[in-house]
Amino acid sequence: MSDVPDDSLLEFPCRFPIKMMGRDDNRFRKVAVELVEAHVGTVSEDAISAASSSKGNFLSITVKVDAQSQEQLDDIYRALSDHDEILVAL
């Protein structure tokens, strides 16, 4: 038994959606997927969904990943937050 408290509400491994928002251009989609893949490996096209904003200026991309740990998710969100193309990461 570990002495480290487990305050995560998630049980790993688990399927986890990572949502990102940015300007609606090809560069944003490419960067968003590449940043996630750097931490989880190749993501299949059926695990990626996208939706444009009502005026078409912004794009929301959701990538469903098989998360292995809270640390892995934290690393992904740090990478997303540090990149200029990613306006919001949820």
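**A strand residue and its surroundings**

Mentor: Ser60 lies in strand E3. Strands (E, at least two residues) and helices (H or I, at least four) are DSSP runs, numbered from the N terminus. The model is predicted: local features need pLDDT of at least 70, side-chain atom pairs count only at pLDDT 80 or more, and totals for chains, interfaces and linings use all residues. Residues are numbered from 1 along each chain as its sequence is written, and side-chain values use heavy atoms, leaving out hydrogens and water.

Ser60 has 15% relative accessibility, so it counts as buried (under 20% relative accessible area; exposed is over 50%, partly exposed in between; 1.4 Å probe, protein chains only). Ser60 touches Lys19, Met20, Met21, Ser49, Ala50 and Ala51, not counting residues up to four places away in sequence. Contact means heavy atoms within 4.5 Å.

Now Ile61. The largest nonpolar core has 23 residues; Ile18, Met20, Ile61, Val63 and Leu80 touch the most other members. E1, H1, E3 and H2 each give two or more residues to this core. H1 supplies the largest share, six residues. Such a core is a set of buried Ala, Val, Leu, Ile, Met, Phe, Trp, Tyr and Cys residues joined through side-chain atoms within 4.5 Å.

Finally, H2. Its buried residues are Gln72, Leu73, Ile76, Tyr77 and Leu80. Seen down the axis of H2, they fall within an arc of 130°, so they line one face of the helix. The arc is that of the directions from the helix axis to the C-beta atoms. These buried residues pack against strand E1 (14-23), helix H1 (26-40), strand E3 (58-67) and strand E4 (88-89). On the other side of H2, Glu71, Ser81 and Asp82 are exposed.
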